[in-house]
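Dear colleague,

Please find below the structure for your review. My findings follow it.

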Amino acid sequence: MCTGIHRHSYKNGPAFMKTIGMLGGMSWESTAVYYRAINEGIKAKLGSLHSAEIILKSLDFEKIEQLQHAGDWEATAAILKKAAKSVEVAGADFLIICTNTMHIVAPEITNHIKIPILHIADATGEKLIKDKISSVGLLGTNFTMEKPFYKDRLRKDYGIEVVVPPSEERERLHEIIYDELCCGIVKKSSKEFYLEVIDKLTTAGVEGIILGCTEIGMLLSFEDTDIRLYDTTEIHADQAVNFALKGKLKTS
């Protein structure tokens, strides 16, 4: 039961917060984690009965997945642009795309709406810089590990060296995400494989590991390895909370 013990922690009534727009459903498993993390973050900041003001557009991932693997990024962009516009019209002040991979089409979405997008790679890059990390291993879908949209952003904008596993390992990492994690399936054998890949990247000299798919946090926790893990879902959700309250948090 909520006690409401922080009800009077802030002067002049409830703190103002921006409305967070979310494009989710890619997969809904990780979107549920986003939703909980954002609301827990708002409550941690404001106390009492506060929760986040959110407009969520959840998409049918089956359609998106088929287009991804067909390489039809133009069609995926069209779907996400339409969804983003609906979130903007509904009153969101800014947007987060609740998936790493679909940031491939973030530029197209940015050009289609007027509200800002908080880019997941920027949130991650800022966290890495804060922690003085200059070299990371990147785990995620094949699209995220192989295409330049994510790696180049970290390299060019944040000066971070990005290392990805060999092709055979990338393929298995990718399969685990789509065939298991996106379906809510968590296997011990898959966790062990991810940890083996992480150990190899650590031996190669990286200083941290980006969990560059929003589902990987379902499989791994910070206690599983000695190297620093950067869960992009957690980092992105935390940035959304801070942006929603930026300049508006009242102090006692």
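With which side chain does the side chain of Glu 215 make a polar contact at 2.6 Å? In this predicted model, the partner is the side chain of Ser 27. The side chain of Ser 30 also makes a polar contact with that of Glu 215, at 2.9 Å.

Glu 215 belongs to the loop that runs between β6 (208–211) and β7 (228–231). The residue is buried and yet has no salt bridge. Arg 172 is the nearest side chain of opposite charge, and it is 15 Å away. Leaving aside residues up to four places away in sequence, Glu 215 touches Met 26, Ser 27, Ser 30, Ile 177, Leu 181 and Cys 182.

One of these residues, Ile 177, is also among the buried residues of helix α8. Besides Ile 177, the buried residues of α8 are Glu 169, Arg 170, Leu 173, His 174, Ile 176 and Tyr 178. Their cover includes α2 (61–70), β4 (135–139), α6 (142–146) and α9 (188–203).

As to confidence, the chain averages a pLDDT of 91, and 92% of the residues score at least 70. The pLDDT is below 50 over residues 3–14, a stretch with 20 contacts in the model beyond near neighbours in sequence. Residues 248–252 likewise have a pLDDT below 50, with 16 such contacts. Where pLDDT is low, the predicted coordinates should not be read in detail.

Yours sincerely

Notes:
Residues numbered from 1 in each chain as written. Predicted model: local features only at pLDDT ≥ 70, side-chain atom pairs only at ≥ 80, totals over all residues. Heavy atoms only, no water. Helix = DSSP H or I, 4+ residues; strand = E, 2+ residues; numbered from the N terminus. Buried < 20%, exposed > 50% of the residue type's maximum accessible area, 1.4 Å probe, protein only. Lys, Arg positive; Asp, Glu negative; His and termini not counted. Salt bridge = Lys/Arg side-chain N within 4 Å of Asp/Glu carboxyl O. Polar contact = N/O pair within 3.5 Å; in protein donor to acceptor, adjacent residues only side chain to side chain. Contact = heavy atoms within 4.5 Å. pLDDT = per-residue confidence, 0-100.
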